[in-house]
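Subject: Structure handover

Hello,

Here is the structure I promised to pass on. Please open it and keep it beside this note while you read.

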Amino acid sequence: MRRWFLSTLLLSQAVAVAFAAEQKILAADDANSQATAPEPAAQTDVVPSEHHVWDPYQNGWELVGEAMAELRKIRPPHRRSKKPTGLFNIVLQYVLKVLPSLRVTTPPTHEHASPVIAGPLLDGVKLLQQAADQNNTDAIYLLGQFNFYGNYSHPRNFKVAFDHYHRLASEYGNSSAQYMVGLMYATGIGDAVERDQAKALLYHTFAADQGHTRSEMTVAARHMSGIGVPKNCEIACKYYKRVADKAMTWFRSGPPGGMRLVSEAYRLSDEVGGVYGEGASVVSSGINALKASPNSDAYASIDDVIEYLDVMSQKGDIKASFNLGRLYYEGQRGLPRNVELARRYFLGVTTKYWRAKDGRSVDGAKPQLEKIASKAAGYIGSMSLRGEGVPQDFKTAQKWFERGVKHGDAQSQWGLGLLNLHGYGVRKNIPKAFDLFKASADQDFSLAHVALGTLHLDQGGPDDLKVASSYFEAAARWYNLEAQYYLAEMIHHGVGRDKTCGVAMQYYKNVAERSESFVSSWTEANQAYEDGDLELAFLDYVMAAEQGYEKAQNNVAFLLDPTHSVFPIPSWLKRQASKPRLLQNSALALIYWTRSAIQSNIDSLVKMGDYYLRGIGTEVAFDKAAQCYTGASEYFQSAQALYNLGWMHENGIGLTQDFHLAKRYYDQALATNDEAYLPVTLSLVKLRARSAWNTFTHGRINSIQDEPAPKKDWSLREWIQNFMQDENAYYEDNYEELYDDTMTASDGEPMGEELDADFDGILESFLILSLVGSIMFLMWYRTQRQQAHRQAQENAARQQQAAAAGIPPGQQNGMAPGRQQQPQVPPVPPLGDPNFAQWGAGGVGH
């Protein structure tokens with residue numbers, strides 16, 4: 001039945017796409033109304049059909065225009081940032097959190113009443129509804145947006161929004177509406193529809209085949225991770241390539257050097273030290289722990305860093321002025337770009353080295369000032385080259401680049417090479433450009449690596465392709481977008497590289513995801529979160545999460561997570577309001593914890609185990625919880641996962657009750673993370689008490705046992721080696737502290753290490769041979785002494801017998817008088833003779 005329904009729906013959608021006219025949605029706000037709208041609607045990203053043209057003068061277009069005029073009358077509400085600024089505000093916030101509210105009545109459990117539609121909003125909605133009744137697609141889509149996002153303070157109604165989107169997608173085949181229907185089927189937001197991954201994939205595929213960028217990324221992510229469909233690298237690579245091609249077209253449409261990319265993607269949980277807090281999460285414990293001195297700026301916020309650098313800059317610190325210019329020029333999350341202010345700081349640096357009138361260097365400049373000034377000149381030249389903060393002027397850019405090149409600035413070398421390569425303000429000179437790019441690349445400047453790689457790639461020879469690949473890989477180390485795209489193209493088509501689907505797909509994915517402002521809703525989501533509108537932030541994060549962003553998946557799960565605190569605070573003590581109903585969805589949280597864990601997020605994998613262990617958002621499954629904890633502990637060494645496995649073994653939940661194994665896991669948790677000392681110590685105390693009682697009562701549980709100390713039988717060689725190592729350690733410790741420097745060869749490797757190793761081996765062999773030779777000599781000497789002693793005894797016995805018989809001493813044994821008998825030493829038997837062993841033993845027993 002389900003298969004028949006999907007086939008029928010697929011056929012109807014194909015007919016709608018083939019015969020219905022593609023409608024392009026009118027934007028909710030124009031350029032003049034951007035300052036008045038409270039929240040802009042999501043990007044429609046509609047691609048017109050090949051067979052139909054969008055008609056702006058469809059039925060009801062006058063009503064839509066009148067509705068937009070009414071909506072522009074609405075004043076945007078003032079939003080306060082949820083983050084306090086200033087020392088007093090921060091202290092006040094913590095004081096308010098500590099003080100109990102002491103409410104007399106319990107807080108209401110129902111949702112807040114929906115805002116009443118009145119005034120210009122009511123008039124605008126009525127006009128849009130009249131236009132929608134005339135089948136105006138712009139009005140239908142805008143009504144869907146109002147009910148989904150709550151624009152202009154319109155109350156959210158996801159069921160009404162779904163009806164508008166579904167009507168637009170089914171009757172007109174609109175790609176943006178198909179994307180929204182697929183999103184709502186994938187997540188079940190607002191309980192408008194039941195989650196159905198098959199329908200979600202169907203609608204996203206329809207939208208992707210019409211060129212909808214976000215649906216293309218969503219389809220690629222689903223085929224990559226196997227969400228609702230078997231994993232297929234080829235299909236995922238195909239759709240990621242489409243998005244990457246669009247992203248590169250957008251990137252290259254900017255000024256020389258491409259669009260500026262400011263990363264907006266981050267995890268909300270990282271602000272509090274991870275999902276489990278500072279020191280307990282993998283991202284903030286173990287090797288990932290922030291280990292810095294109390295005086296380090298690693299703990300400072302960006303506002304504190306800016307304030308400190310500004311004070312130092314006013315005192316004449318050149319480095320502080322340059323760093324301020326870089327921060328404002330490049331921008332980052334929490335600090336928007338300000339190229340005008342950056343240029344002022346850079347000019348403040350350069351004027352202290354070059355005269356403003358003639359450009360000559362000043363006399364008596366400070367040491368190392370020329371290097372900082374040349375870097376600042378490179379940034380000023382880039383601004384003139386790209387037209388950032390000043391009108392685009394290639395001659396001015398050339399002047400600043402030439403100043404920087406005189407002192408070896410890498411950015412200036414690249415900029416001057418770009419001018420010569422394309423003939424910007426100068427005559428084209430490709431050999432000179434190549435030399436400048438080479439000098440800049442020697443300083444590991446990523447843009448120069450890309451330029452050289454492109455020049456070699458254009459040659460097309462086998463050797464050139466290898467060189468181009470090496471340059472692109474060098475630039476990709478610095479996350480250069482263009483270099484990653486070139487590598488993806490070379491690997492995907494098998495040009496100069498082996499054709500590998502998985503590697504090409506990953507490069508295409510990186511290019512697509514890094515073009516955040518072009519393909520995703522990260523900026524809107526972060527702004528809504530900063531403004532305190534968690535519901536709107538949740539909706540925007542969900543969109544990015546469906547596109548495959550792991551950080552967005554983590555954010556959605558974090559917002560939905562009901563287990564932020566193990567020990568809940570009583571309601572009469574906490575002042576924080578309850579979560580909105582939209583954010584009370586544990587089953588959806590488990591889905592996104594799982595997807596985040598698939599992309600190697602270890603804390604998310606441990607969270608999955610917690611949900612299965614406690615039955616949050618799903619049925620209790622101890623075996624799945626144990627699998628999640630084991631995976632997080634064996635391969636990534638999560639102290640939290642190790643502790644949980646110890647607890648399961650201690651209590652026999654999901655695993656065999658074994659006190660000895662429980663102690664092992666507790667010990668491993670402490671060895672992995674020192675922050676776990678207190679919980680592990682308390683758990684071990686309780687565990688030892690339970691184990692002692694189990695032993696005393698002869699229980700069936702395996703109690704804690706002392707680990708047997710292994711005894712090793714030392715051989716002579718091992719004994720000598722151990723003795724020599726201990727001796728060297730005793731004598732070398734003090735000298736290593738005094739003489740720390742080592743001589744290095746031209747390749748940077750320490751000299752003499754191989755010779756020292758060979759000398760140690762020779763000395764060791766010589767000592768062993770000397771000992772063996774000494775033992776053999778002592779055995780031979782002992783044998784000779786024993787034989788001589790035995791011969792003397794025999795001669796004395798013969799002399800006594802001869803004296804008793806009356807034989808003269810000189811005639812004994814038939815010897816002539818005056819000659820003394822020499823003792824005869826028996827010869828040494830050969831090695832294979834059976835008497836060799838008796839000879840070697842020295843005649844023991846005789």
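S153 sits in the loop between α5 (137–149) and α6 (158–172). Helices here are DSSP runs of H or I with at least four residues, strands are runs of E with at least two, and both are numbered from the N terminus. S153 is not a glycine, yet its phi is positive, about 65°. Its relative accessibility is 44%, so S153 counts as partly exposed. The cut-offs are these: buried is under 20% relative accessible area, exposed is over 50%, and partly exposed is in between (1.4 Å probe, protein chains only).

Before you go on, note that this is a predicted model: local features need pLDDT of at least 70, side-chain atom pairs count only at pLDDT 80 or more, and totals for chains, interfaces and linings use all residues. Residues are numbered from 1 along each chain as its sequence is written, and side-chain values use heavy atoms, with hydrogens and water left out.

Look for Y479 between α19 (462–476) and α20 (481–493). Y479 is exposed, at 58% relative accessible area.

Now the whole protein. It has 34 helices and zero strands. Of its 846 residues, 41% count as buried. Its accessible surface is about 48000 Å², and 55% of that belongs to carbon and sulfur atoms. These areas come from the Shrake-Rupley method with a 1.4 Å probe; for residues, only the protein chains shown count as cover. Take the contacts between residues at least 6 apart in sequence: 60% of them join residues at least 24 apart. Contact means heavy atoms within 4.5 Å.

R222 is in helix α9 (residues 213–225). Its relative accessibility is 1%, so R222 counts as buried. Beyond its neighbours within four places in sequence, R222 touches several residues, among them A186, E546 and R595. H449 belongs to helix α18 (residues 446–459). At 7% relative accessibility, H449 is buried too. Leaving aside neighbours within four places, its contacts are A441, D444, Y471, A474 and A475.

Then there is helix α31 (residues 677–696). How far apart are its end C-alpha atoms? They are 28 Å apart, which agrees with the 28 Å that its 20 residues should span at 1.5 Å a residue. The expected span is 1.5 Å times one less than the number of residues. Which residues of α31 are buried? They are V680, S683, L684, L687, S691 and N694. These cover an arc of only 105° around the axis, which puts them on the same side of α31. The arc is that of the directions from the helix axis to the C-beta atoms. An α-helix has 3.6 residues a turn, so residues three or four places apart point the same way. The buried residues of α31 pack against α29 (639–651) and α30 (659–672). On the other side of α31, L678, L682, V685, W693 and F696 are exposed. Just after α31, H698 takes a positive phi of about 55°.

Last, N429. This residue is in the loop between α16 (410–422) and α17 (430–441). N429 is partly exposed, with a relative accessible area of 30%. N429 and L418 are 11 residues apart in sequence, and their C-alpha atoms are 9.9 Å apart in space.

Best wishes
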